[in-house]
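Colleague: Can you put the model up? I have a few things to ask about it.
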Amino acid sequence: MTGIAAIPSSEKPKALIYTPAGRDAWVAGSLIEEAGLAPIAAADLAMFASSLGDDVALGVLTEEAVRSTDLRPIAAWVSAQPSWSDLPFIVLTMRGGGPERNPAAARLSEVLGNVTFLERPFHATSFISIARTALKGRLRQYEARAQLEALGEGERRLQTALAAGRLGAWELELSSMALSASATCKAIFGRDADDDLTRDDLIASIHPDDRDLVLARLRRTINTGRDYSIEHRTIWPDGSLHWTEVHAQLYTDRYGSARKLVGVCSHTTARKAIEENLRRLNENLEERVRERTREVNAAHQTLLEEVAQRERAEEQLRQSQKMEAIGQLTGGVAHDFNNLLMVVLGNLELLGKHVAGDAKATRLVDGALQGARRGAALTQRLLAFARQQDLQVKPVDLAELVSGMNDLLRRSVGSSIRVESILPATLPPALVDANQLELALLNLVVNARDAMPEGGTLSISLREEHVSGEKSDLGDGSYVVLGVADSGIGMDAVTLKKAVEPFFSTKEVGKGTGLGLSMIHGLAVQLNGALRLRSEPGLGTTAELWLPATAWRPEVPAGSEVAIEQAASRLKILLVDDDALIAMSSVDMLEDLGHEVVEANSGSQALELIRSGQHFDLVITDYSMPGMTGAQLAHAAREIDPELPILLATGYADLPAGTDFDLPRLGKPYNQAQLTKEIAKAMASGSAPVLRSATGAGGSDPTAPHVFSDAQRTL
């Protein structure tokens, strides 16, 4: 390639490549595309350096291409990156990895900063894994940039509002008595914007006749938490006398300890002069005095209302933080309950085999299994509520999803509300994250319930719509529309316009965060869809989620007969779980399948067994264990035996950050058929993770396995 390739129309993140030797550029470009990036090859190092920019997500170089060249242009760009940016580089080397094995790599590390060395020859999966990890890090940098820009915009709006009200902002840290003040605040006390203004300077500037009162009010606010509000005289450095009005509140931490005072101040000299002039007027001017006083009171009331609005916003923020803490607690409880259900389901399934000839016992076991499975479904929803993760978009049958939530939705709205469902069976699947969509639907249903305090009718519907050539917030194509309509009190036009704004809520304080509809709106936009609301006072509200439809069908699990046939051979399995009940249940299921099982109760004990020289056909390990997680155990075990198949059992929908390689997953709770199928998959895939092609509009089937050519496997 002799120049920079055009950016693909799909607008994938860009990877800049400079690998001039042989077929390196072509092979690296192919693997970069598999990692989900758009390759852009540079003909020489000067073009590589000039093409660097914030829109580049990854740089790929070969060590020999830059070994003896002038890297100052690249170094200058790297050092000039903004604070949010740390562009990742991958350097392909023939002489070993990092600076420890290849001293020449130290120079590249100093120049590039965020660099990963990859020794050739290497497997294609290693390159793709490193590239995807680098892409994830770059995307997080882009998110940080967006957040910084949003914070900056919010700060500018706040400063504009304060400037419009001619208010100065200040904060006083009680531990150090350090004072920070805005330029307007300094001007109110006669200082320039660049002048230092300490607490002692501020106290010294107060008129001697007012100083004791100010200090007494400050002590009362710090000791009792009462609002600080006072007006006093101030002597400027030039000796002139001025009036200042100050309002503040005490900020405490979550333990109730006083941390700082946060307040505003305003210059009221003009107002005081007017009041004094009015006071001196004769009785014929009393009406004018009253009129001016009303204007002053109106301005004062406006200020108090602004302070009250800020207090309400702070209360809503505290409520949101409380909900976040509840979500974390819910996730922990649900995970532990998931483990208990694992034991119940496993033992009931094995018990069912032993009472196969007893009709009553079989019926009782089946009933217990159904109840345990319903509990497992509930815990999965609780785990989905508690997690924070990227969207996992897949083709989903929305009619099946809504039907599966039927019991939960009816329990959520209560007996006074009639629930109607209109779910056509011929709709195409939608590209969504099923767990997040369940949360959104539950939120809409709860909002509808709260809008019908005296009862009413709740309607949940699905339909297909086609968008073509319309000037709207949706692109052309087919959409599945999920609608939730109520017969409640409805909203007027002003309320409807603000409904999706963060922290806006019509509910009483403590009964809503004002984040529900804004979160649903954000989910719809992230899924390339939209949230549309219609409402009128007294006629109820209709919320519609427009979600992109797809021709891809949801992946159908393989039949149990195939799984049992694949797992027919006898294996020697190392089972690792710190929970004795779960370990006992899993061992019983594995032995019932005819396998030989060796049990370990911790990651360190499992590593000792692997190092002892015993041969294991498969390792099944729990993820959440004290001391060493299942992912850490897998890393250590692969260093001892790279070909050892490993199956990771976990009840979490997504593993925490840091689990940087793929392992076959066994979701908890699992039954014997699921265990058999996942063992067969793990044994079939061996130590290499299964790679799948990226999903996207106009792409190939996201469930089809990808096969590398010989040229793509190594460089």
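Colleague: Which residue forms a salt bridge with Asp 70?
Modeller: Arg 72, with the closest N and O atoms 3.0 Å apart. A salt bridge here is a side-chain nitrogen of Lys or Arg within 4 Å of a carboxyl oxygen of Asp or Glu. This is a predicted model, where local features need pLDDT of at least 70, side-chain atom pairs count only at pLDDT 80 or more, and totals for chains, interfaces and linings use all residues. Residues are numbered from 1 along each chain as its sequence is written, and side-chain values use heavy atoms, leaving out hydrogens and water.
Colleague: Is Arg 72 buried or exposed?
Modeller: Arg 72 is exposed, at 63% relative accessibility, while Asp 70 is partly exposed at 43%. Buried is under 20% relative accessible area, exposed over 50%, partly exposed in between (1.4 Å probe, protein chains only).
Colleague: How many salt bridges by this rule?
Modeller: The count is 18. Among them, Glu 544 and Arg 534 pair at 3.3 Å, N to O.
Colleague: Where do those two sit?
Modeller: Glu 544 is in strand S17 (residues 540-548) and Arg 534 in strand S16 (residues 530-536); strands are DSSP runs of E, at least two residues, and helices of H or I, at least four, numbered from the N terminus. Glu 544 is buried at 7%, and Arg 534 is partly exposed at 48%.
Colleague: Changing topic, which residues touch the most other members of the largest nonpolar core?
Modeller: Leu 398, Leu 458 and Leu 545, out of 36 residues. Such a core is a set of buried Ala, Val, Leu, Ile, Met, Phe, Trp, Tyr and Cys residues joined through side-chain atoms within 4.5 Å. Helix H15 (residues 434-450) gives the largest share of this core, 6 residues.
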